[in-house]
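Reader: I would like to learn how to read a few features of a protein model, one at a time. Could we go through them together?

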Amino acid sequence: MSPISNVNQANHASDNAGTASGATAFKVDSPNVRYGADGIESDYLYDTTVVSRDSESGQLKAKPTKVHYQFKTKTNVGRVGLMMVGWGGNNGTTVTASILANRKSISWETRKGTQQPNYFGSLMMASTVKLGVDESLKDVYVPFNQVVPMVHPNDVVIGGWDISGLSIGDAMRRAQVLPVDLQRQVYDELHQLKPLPSVYYPDFIAANQGERADNTLGGTKQEQLEQLRKDIRDFKEANQLDRVIVMWTANTERYADLLAGVNDTADNLLQSIAQGHDEIAPSTLFAAASILEGAPFINGSPQNTLVPGIIELAERERSFVGGDDFKSGQTKIKSVLAEFLVNAGIKPLAITSYNHLGNNDGRNLSAPAQFRSKEISKSSVVDDMVSANNLLYGKGEHPDHTIVIKYVPSVGDSKRALDEYVNEIFMGGLNTISIYNTCEDSLLASPLIIDLFMMTELMTRVSYRVNSETQDEWLPFHSVLSILSYMLKAPVVPPNTPIVNAQAKQRMAMENILRAFVGLPPNNEMQLEHKAFH
């Protein structure tokens with residue numbers, strides 16, 4: 001039986017839970033919002049402020065402006081698949097087993113009693129957003145995933161590739177992430193799932209990964225590209241899917257060299273693949289295959305998969321890409337704490353981050369080239385917060401920022417992260433904050449995979465136009481999905497676009513864009529109804 005048939009059979013084996021995809025918690029009562037048989041259309045005035053400087057006085061001028069957008073969101077979610085590269089890794093197996101447990105309501109025994117499955121750690125599935133206030137002026141909250149129709153993870157069909165030929169059940173056991181009693185209950189079903197052969201170029205990942213590589217594609221890079229495209233088509237057809245989203249959850253690669261004539265344009269990139277150029281990374285090959293098949297591609301690792309040629313190819317094909325690197329533990333806290341400190345007028349002088357872990361990710365990162373990719377993605381996380389406050393930092397000034405990662409096999413997936421923040425406070429005083437964080441690596445990263453999948457799928461159903469009197473065509477959002485930044489350490493954004501790493505700003509942007517899709521104004525915390533009594 002082929003791997004695709006195995007995926008199809010196992011994913012349908014427990015489809016008795018019913019579908020929750022497409023559910024919404026409210027309906028908007030406004031002349032600016034229209035509900036149709038297949039979608040929601042909204043008229044939305046985007047308020048922003050344009051700042052200029054008077055040429056004579058040098059004084060700043062702030063001018064409020066409005067831009068008229070129209071949004072159209074298709075409400076039929078359909079049947080959606082997720083293909084993970086590195087499906088047999090810690091993250092891929094944890095996501096697969098956890099979705100199965102949630103779908104079938106599988107509980108398991110722990111030292112503290114019976115544990116029920118949940119989606120804790122998922123922004124979409126386990127957090128709420130403020131909808132508004134009720135008649136008594138009390139806040140009303142709704143689930144994040146019910147602002148607009150979204151796919152439910154219980155309904156996803158899962159497949160993917162891996163350089164290791166272990167079944168997903170055996171790979172789950174190898175990962176040693178989930179409790180043994182849960183593993184026992186899902187093993188038989190996951191053992192039916194076999195990853196498709198993947199692309200393996202030893203030069204791009206650590207040499208210590210070679211012993212796993214028993215399930216690899218042969219042939220030229222062009223032939224591998226065509227096989228990956230066929231894999232996506234076959235998976236879509238075999239599972240009767242409306243859409244497929246591809247996500248890199250595999251090992252960190254080294255950075256690819258950015259070379260003129262090789263990966264700088266879409267045409268050069270495709271030619272370089274055809275010629276088998278050495279600087280075409282496996283992840284870039286997967287990205288190209290996904291784009292050419294119209295499947296969104298998300299890079300969950302820190303390497304520079306999304307080279308300029310990939311971005312141009314996505315724009316040309318009107319497909320979506322996103323990245324880089326799941327923001328799960330240490331960096332997520334950093335993007336919250338650094339923003340708080342700078343916004344409070346406290347000046348971080350030095351941020352020293354040390355962590356050690358023992359899973360296969362840590363083993364791969366023990367190689368210098370792969371560590372360098374991770375170091376780059378982690379080190380830029382405070383840049384936008386520092387540049388936003390010129391009262392604390394002069395031009396070119398930046399906190400010392402040091403990152404260390406060590407491989408310690410005995411700690412397994414239970415990564416230890418230690419951070420020290422040295423900050424300048426009032427009148428030259430110094431404040432030191434030390435944090436010790438035990439990051440269950442895959443249990444923090446797996447919900448991000450779910451969130452990235454859900455938000456990316458939504459964006460395939462959204463289109464917009466600016467001022468319908470002059471623009472008839474409905475357009476998709478930009479091919480680079482910067483709306484995904486909340487879940488990523490080093491967000492890739494469209495050309496000439498500011499990079500935002502501050503966690504609160506990232507969440508606010510995502511929340512308010514979803515509100516715009518249904519014609520609601522952005523949320524704020526002015527609470528004038530409580531401060532200026534009527």
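Reader: Which residue forms a salt bridge with K415, and how far apart are the closest N and O atoms?

Author: Happy to start there, and please keep in mind that this is a predicted model. The partner of K415 is D441, with 3.4 Å between the closest N and O atoms. K415 belongs to strand β16 (residues 414-424) and D441 to helix α14, so the pair links distant parts of the chain, 26 residues apart.

Reader: Are K415 and D441 buried or exposed?

Author: The general idea is to compare the relative accessible area with a cut-off: under 20% is buried, over 50% is exposed. K415 has 8% relative accessibility, so K415 counts as buried. D441, at 11%, counts as buried too.

Reader: Which residue does E457 meet in a salt bridge?

Author: E457 pairs with R243, at 2.8 Å from N to O. E457 is buried because its relative accessible area is 0%.

Reader: What about R34: which residue forms a salt bridge with R34?

Author: That is E41, with the closest N and O atoms 3.7 Å apart. Partly exposed covers values between the two cut-offs, so R34 at 33% is partly exposed, and E41 at 26% is partly exposed as well. The pair also belongs to a network of salt bridges that links R34, E41 and D43.

Reader: How many salt bridges does the structure hold?

Author: The total is 20.

Reader: Which residues form one aromatic cluster?

Author: Y44, Y46, Y69, F71, Y464, F477 and F517 form it. F517 is also among the buried residues of helix α15.

Reader: How should I read the span of helix α15?

Author: Helix α15 (residues 503-517) has 15 residues and reaches 22 Å, close to the 21 Å expected at 1.5 Å a residue. Its buried residues include Q503, M510, L514 and R515. Just after α15, G519 takes a positive phi of about 75°.

Reader: And the whole protein: what does the radius of gyration say?

Author: A compact globule of 534 residues would have a radius of gyration near 24 Å, and the protein has 24 Å, so the two agree. Along its principal axes the C-alpha trace spans about 70 × 60 × 60 Å. The secondary structure comes to 16 helices and 18 strands, and 52% of the residues count as buried.

Reader: What share of the contacts between residues at least 6 apart joins residues at least 24 apart?

Author: The share is 74%. As for the surface, the protein exposes about 23800 Å², and carbon and sulfur atoms supply 51% of it.

Key:
Residues are numbered from 1 along each chain as its sequence is written. This is a predicted model: local features need pLDDT of at least 70, side-chain atom pairs count only at pLDDT 80 or more; totals for chains, interfaces and linings use all residues. Side-chain values use heavy atoms; hydrogens and water are left out. A salt bridge is a side-chain nitrogen of Lys or Arg within 4 Å of a carboxyl oxygen of Asp or Glu. Buried means under 20% relative accessible area, exposed over 50%, partly exposed in between (1.4 Å probe, protein chains only). Helices (H or I, at least four residues) and strands (E, at least two) are DSSP runs, numbered from the N terminus. The expected span of a helix is 1.5 Å times one less than its number of residues. The radius of gyration is taken over C-alpha atoms; the globule rule is 2.2 Å times the number of residues to the power 0.38. Contact means heavy atoms within 4.5 Å. Accessible areas come from the Shrake-Rupley method with a 1.4 Å probe; for residues, only the protein chains shown count as cover. Rings of Phe, Tyr and Trp (its six-membered ring) pair if their centres lie within 6.5 Å; planes under 30 degrees apart count as stacked, over 60 as edge-to-face and the rest as tilted.
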